[in-house]
Amino acid sequence: MILPYIQAIGCMALGCCLLMGLAWVVQQRTGNSGWVDAIWSYSCGLVGAAGALWPLAGTLPGRQALVAGLVLLWSVRLGTHIARRSAAGIDDPRYANYAREWGADAPRRMFFFLQSQALVSLPLPFAVFLAAHAPAPGLRLQDYIGIVIVLIAVVGEAMADRQLRLFKRDPSSKGQVCDVGLWRWSRHPNYFFEWLGWLAYPVIALSSGYAWGWASLAAPAIMYWILVHVTGIPPLEEQMLRSRGERYRRYQARTSAFFPWPPRQASR
């Protein structure tokens, strides 16, 4: 029974690497790093959905289709949001900073950086695969809980993105820090809801007698690590401190970094 899982992991790894290779080509041709995350979002959705629909004996086709639909819903929403922003000429400051730091060696280092990103992200589509192939005869309460988690995550992230977009469009907000709606409770509510969505797959995957299901916990763990400690919050907050200075420091002092929480009172 191990061989089909190893084959699935290998195919998903290949798919992720090929699609992130495409992201590198687009980034190099356009000079806009924003396309990287758009293609990454679509890639995780496509590879995850393919893994969910992967033929495996003893699985429920209804659950496979359900899980494939959940990851595609997330992928299309996020990927399209980032693609629209990139099409408007908005670059991603994180990747742009990397390119500046790497200088003439930037194309080569960016390629290997994106390939490593593809491999580090592999637990995400694999968790989708594991959830889709949970060996239970019918849909259970935890399947429906997984649906609710994904819907809350997609709607919450869309709300956070919309609130930030409207804030930036307001001329009076120039040079200010977004501190409205969900952004009053978290400095990165979009990242929080992004992480929350990946909790749905362990909820669906964990089943009695299904040892592989425990591996699905790697998805929210790796997503939390990426967002909070690697390419999410740290480089973005460095950029905000450079551009907003003391305003952003005051925002940091009163607002939770990741998990939504009522803002702290300013110290006197």
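A polar contact is taken as a pair of N or O atoms within 3.5 Å; within protein, one atom must be able to donate a hydrogen and the other to accept it, and residues adjacent in sequence count only if both atoms are side-chain atoms. The model is predicted, with local features requiring pLDDT of at least 70 and side-chain atom pairs pLDDT 80 or more, whereas totals for chains, interfaces and linings use all residues. Residues are numbered from 1 along each chain as its sequence is written, and side-chain values use heavy atoms, without hydrogens and water.

S86 lies in helix α3 (residues 61-87); helices are DSSP runs of H or I with at least four residues, numbered from the N terminus. The side chain of S86 reaches the backbone oxygen of G34 at 3.2 Å. Beyond neighbours within four places in sequence, S86 is in contact (heavy atoms within 4.5 Å) with N32, G34 and W35. S86 counts as buried because its relative accessibility is 3%, the limit for buried being under 20% relative accessible area (1.4 Å probe, protein chains only).

Helix α8 (residues 189-197) is largely enclosed by the rest of the structure, because nine of its nine residues are buried.

The axes of helix α11 (residues 233-244) and helix α12 (residues 246-254), lines fitted to C-alpha atoms over the stretch in contact, come within 6 Å and cross at roughly 130°, with angles running from 0 to 180 degrees between N-to-C directions. The two helices are therefore oblique to each other, a class left after angles under 35 degrees (roughly parallel), over 145 (roughly antiparallel) and 65 to 115 (roughly perpendicular). E237, M240, L241 and R244 of α11 meet E246, R247, Y248, R249 and Q252 of α12.

Key
Buried means under 20% relative accessible area, exposed over 50%, partly exposed in between (1.4 Å probe, protein chains only).
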